Amino acid sequence: MSQNKNYKGLSQQEVAQSREKYGINILTPPEKESLWRRFIGKFKDPLIIILLVAGFLSIGISCYEYWGLSEPATVFFEPVGIFIAIILATGLAFIFEVKADREFAILNKVNDDEPVTVIRERSAIKIPKRDVVTGDIVIISTGEEIPADGKLLEATSLSIDESTLTGEPICHKTVVEADFDPEATFPSDAVMRGTKVMEGHGVMRVTAVGDKTENGKVFTASQIDDHIKTPLNEQLDRLGSLISKASYAIGALIIVARVVIYLLSVPDFELIPFLAYFLNTIMVAVTLIVVAVPEGLPMAVTLSLAYSMRRMLKTNNLVRKLHACETMGTTTVICTDKTGTLTQNQMQVAHTDFFISADDPVIAEGMAVNSTAMLNLSKYKPEVLGNPTEGAILLWLNSQNIDYQKLRDNAEVIAEIPFSTERKYMATLVKSASGKEILYVKGAPEIIFSLCTDTSGVSKEEIQALLLGYQNQAMRTLGFAYRELAPGEKAISDSKIIIEHLKFIGVAAISDPVRKDVPDAVREVLDAGIKIKIVTGDTPATAKEIGRQIGLWNDKSDSDRNIITGTEIEKLSDKQLAERVEDFKIIARARPMDKKRLVEALRSQNEVIAVTGDGTNDAPALKAAHVGLSMGDGTAVAKEASDITIIDNSFSSIGRAVLWGRSLYRNIQRFILFQLTVNVVACLIVLCGSFMGLQSPLTVTQMLWVNLIMDTFAAVALASLPPSESVMKEKPRSRTAFIISKQMWERIFDIGGFFFLILLAFLYYLEHTDLTSLLQIGSLPVGANRGLSPYELSLFFTTFVMLQFWNMFNARAFQTGQSAFHLKGCKGFLYISTVIFFGQILIVSTGGEFFSVVPISICDWLIIIFSTSLILFIGEFFRLYTSRQTR
């Protein structure tokens, strides 16, 4: 507490009135959505809705068959299979996200009972932080966290770490208006809740508590659900809508066409036979709908995302929300923090310029003793405790194999002057290890130089030129000087240096260096067509210099239109900001809500935005972005608001996330190509059979095996394919481009049509012969329609599946420009392909009545395997032909 002022503080009555008027000093926790609601939300997927409709229709028909036609209970296998598909798809997605949430469970509870020293009724008392009210007088000291927003009444050598709100660690605070920093994010006499006192002490009057503090506003904004729909969500919604409309339309067409055919072919209409025929027609239509819907697609996408999520963890990307895996691949803009993401977040000495002998012991001793910082050397990497700039000096000593602590222990401190923004220097008088009394001074170089009469042979102009060069590189500078005292000579009085004739030692330039891997990572991202915007709480000059070093800012092509400050953003309307936002490369002195406004403006331009951040200030923007990327050592609030955590804090890991996202989308496209080919063939078989009077050779249960089990394994197999570096040379895909490209449509209908003709001819032959072995093909006479025997059904089903099996290899090679036999790094694909192959053998051999199959001979197995494998070699021929045409 100040010795100069006698603060009265609030009375108990004023405390009660303030609490009633302005509220309590607690951040209102967010409401959590119940697990039940989250699970129900999974049923909103269009494909799941189609399955539900098909499932209930199937239940109705099965009930009629069981009770009306006295069919066995096996008729219920089909609806049961459909609902198993629904439960698996929704359940897996739910389980993966809940598990991810638990892995990300962060203890966000703030200690609201932490003691705070306040003055009330002229007495200094300690109260819990939660009891602080607006108007309270609070005493703040080094190491303490600011309990609420306030205005300083006193400040002595006060430095605050505001990184949780602005991204920048050290802000000097003062109550002297002449020393206010005009570029500071928050006023120089303002302190904010959640920030930390790094040096000095002071007295503040509370101006806001709880949710009304800057920290509280950010915390509240981070909870707002902006309902950002990811590009993959949009694409799957479109695909689901297309499939549902097509399947319903074809189903309706079958009903109308078969009724018309019946009415035209029957001379005498009778109601009972018509109703029986109509019910059979409904069953055919429902079968076609079930066949048309790729039941395994929702689960397959979920498994693909989950698989990628696990693989991305190896590249230091811890994914919390499944769709974030793929959304990174569509990103068009990355808004990145500077400190800790582009830079190392550790101030270091970049250059030293000593004008006395570098071996002079006063250099090391002065740096060691004239400092309030310390190093924690117990960890693998030295950790600075205290002022980061002073810590940089100690780190430099440590890098020179000089033990700063030993130097301190060998010198006795006699007097000291702490650093202040008014003086711009600090001084320490010691009895040196040499036995002499020495005054060491460090601070702003121009101030230190002015105190020296012995300039060590360097001129003022030379020092100014040196400092200007470092300032242009956005470096901080410290000057050093010393003076040996004669016996009885006095150096310090009333916190001032009263001695003259100091000797100038030199200058140290300090910076937070750019991470070594960042320039290459930035180049990779820019080459991929993604724009980068630096958003920082630092000065425009510093941000611009970092932009130069990483290859983002070019002095020849970039100008003032490409850089803006938070204060300037605040003056722009939403419309003006949207018009200019694409030009910005650097946003300096950004405040908590500036970043969120920037993201919203980019969204209005139809950009897909990824935002990086590690502080509480970043949480609203992380939440508003399509993908929020928090840092591994970021605050709990930032992590809660994000979709992915970059464990190693490095920008290069973001490039790896883009690579995985783009490759995953390719793999999902390959799976859709594979599965829709299956469904087109099956639909055409059922549709054609219903009009030609042929027996439907594929049951719903068999199609559930193909769509749900086999295709899901295929999805995992395709998702396991390694990412392709070539995708980073492409521009981001259009957000509005349909997931099924023109080339895919051509493949689906060309291959699907080819398979259909083969299978239709095979089906016709089977129905018009009594085939017991494939060796009999060509030797049996074609007669009247005899229907299909169980053995013939098994042959047809196996041929259908094996055609799709070999086509999976063609789908794997889609858009790779490589042979399907190029299987380097595809162990997972080969393993799962083997599982599918032997799974089909197991189904046919043991599936029996459930799958409407009987075992087939080894000879027929070999014939089917080798004959259907021709599909793979035909695909190879076309790939070879196409590659030569494009050369």
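Where is serine 456 found? I looked there first in this predicted model. Serine 456 sits in the loop between strand S16 (452-454) and helix H15 (460-472).

**Entry: residues with positive phi**

I checked the backbone angle of serine 456. Its phi is near 60°, a positive value in a residue other than glycine. I noted this because most residues other than glycine have a negative phi. Is serine 456 buried or exposed? At 17% relative accessibility, serine 456 counts as buried, since the cut-off for buried is under 20%.

I then turned to glutamate 121. Its phi is near 55°, again a positive value in a residue that is not glycine. I found glutamate 121 in the loop between strand S1 (115-120) and strand S2 (123-128). With 47% relative accessibility, glutamate 121 counts as partly exposed.

**Entry: helix H12**

How many residues of H12 are buried? I counted ten of its twelve, so I wrote it down as mostly covered, with buried meaning under 20% relative accessible area. The buried residues are Pro388, Thr389, Glu390, Gly391, Ala392, Ile393, Leu394, Leu395, Trp396 and Leu397.

**Entry: helix H26**

I moved on to H26, residues 790-812. At 1.5 Å a residue, its 23 residues should span 33 Å, and its end C-alpha atoms are 33 Å apart, which agrees. I also checked burial. In H26, 22 of the 23 residues are buried, so the helix is largely enclosed by the rest of the structure.

I wanted to know how H26 sits against other helices. Two packed helices are described by the angle between their axes and the distance between the axes.

*H25 with H26.* H25 covers residues 742-767. The two axes come within 11 Å and cross at roughly 165°. H25 and H26 are therefore roughly antiparallel to each other. The crossing is right-handed. From H25, I listed Ile751, Phe755, Leu759, Phe762, Leu763 and Leu766; they meet Glu792, Leu795, Phe796, Thr799, Phe800, Leu803, Gln804 and Asn807 in H26. By class, I have ten nonpolar, three polar and one charged residues in this contact.

*H26 with H27.* How do the axes of H26 and H27 cross, and what distance do they come within? They come within 11 Å and cross at roughly 175°, with H27 taken as residues 827-846. That makes H26 roughly antiparallel to H27. On the H26 side I found Phe797, Thr798, Val801, Met802, Phe805, Met808, Phe809 and Arg812. They meet Phe829, Ser833, Ile836, Phe837, Gln840, Ile843 and Val844 in H27. The residues of this contact divide into eleven nonpolar, three polar and one charged.

*H26 with H29.* H29 covers residues 858-868. The axes of H26 and H29 come within 9 Å and cross at roughly 35°. I recorded this crossing as right-handed. H26 contributes Tyr791, Leu795, Thr798, Thr799, Met802, Leu803 and Trp806. H29 contributes Asp860, Trp861, Ile864, Ile865 and Thr868. I sorted them into eight nonpolar, three polar and one charged.

**Entry: methionine 631**

I placed methionine 631 in strand S25 (residues 627-631). At 1% relative accessibility, it counts as buried. Which residues is methionine 631 in contact with, leaving aside neighbours within four places in sequence? I found Thr341, Thr612, Gly613, Asp614, Lys639, Thr645, Ile646 and Asn649. I also looked up serine 163. Methionine 631 and serine 163 are 468 residues apart in sequence and 13 Å apart in space, C-alpha to C-alpha.

**Entry: tyrosine 307**

My last stop was tyrosine 307, in helix H9 (residues 297-313). Tyrosine 307 is buried, with a relative accessible area of 16%. Not counting residues up to four places away in sequence, tyrosine 307 touches Ala719 and Ser720. I followed up alanine 719.

Definitions and conventions: Residues are numbered from 1 along each chain as its sequence is written. This is a predicted model: local features need pLDDT of at least 70, side-chain atom pairs count only at pLDDT 80 or more; totals for chains, interfaces and linings use all residues. Side-chain values use heavy atoms; hydrogens and water are left out. Axes are lines fitted to C-alpha atoms, for helices over the stretch in contact, and angles run from 0 to 180 degrees between N-to-C directions. Helices (H or I, at least four residues) and strands (E, at least two) are DSSP runs, numbered from the N terminus. Angles under 35 degrees count as roughly parallel, over 145 as roughly antiparallel, 65 to 115 as roughly perpendicular and the rest as oblique. Contact means heavy atoms within 4.5 Å. Ala, Val, Leu, Ile, Met, Phe, Trp, Tyr, Cys and Pro count as nonpolar, Asp, Glu, Lys and Arg as charged, and the others, Gly among them, as polar. A crossing is left-handed if the near helix is turned anticlockwise from the far one by less than a right angle, and right-handed if clockwise. Buried means under 20% relative accessible area, exposed over 50%, partly exposed in between (1.4 Å probe, protein chains only). The expected span of a helix is 1.5 Å times one less than its number of residues.
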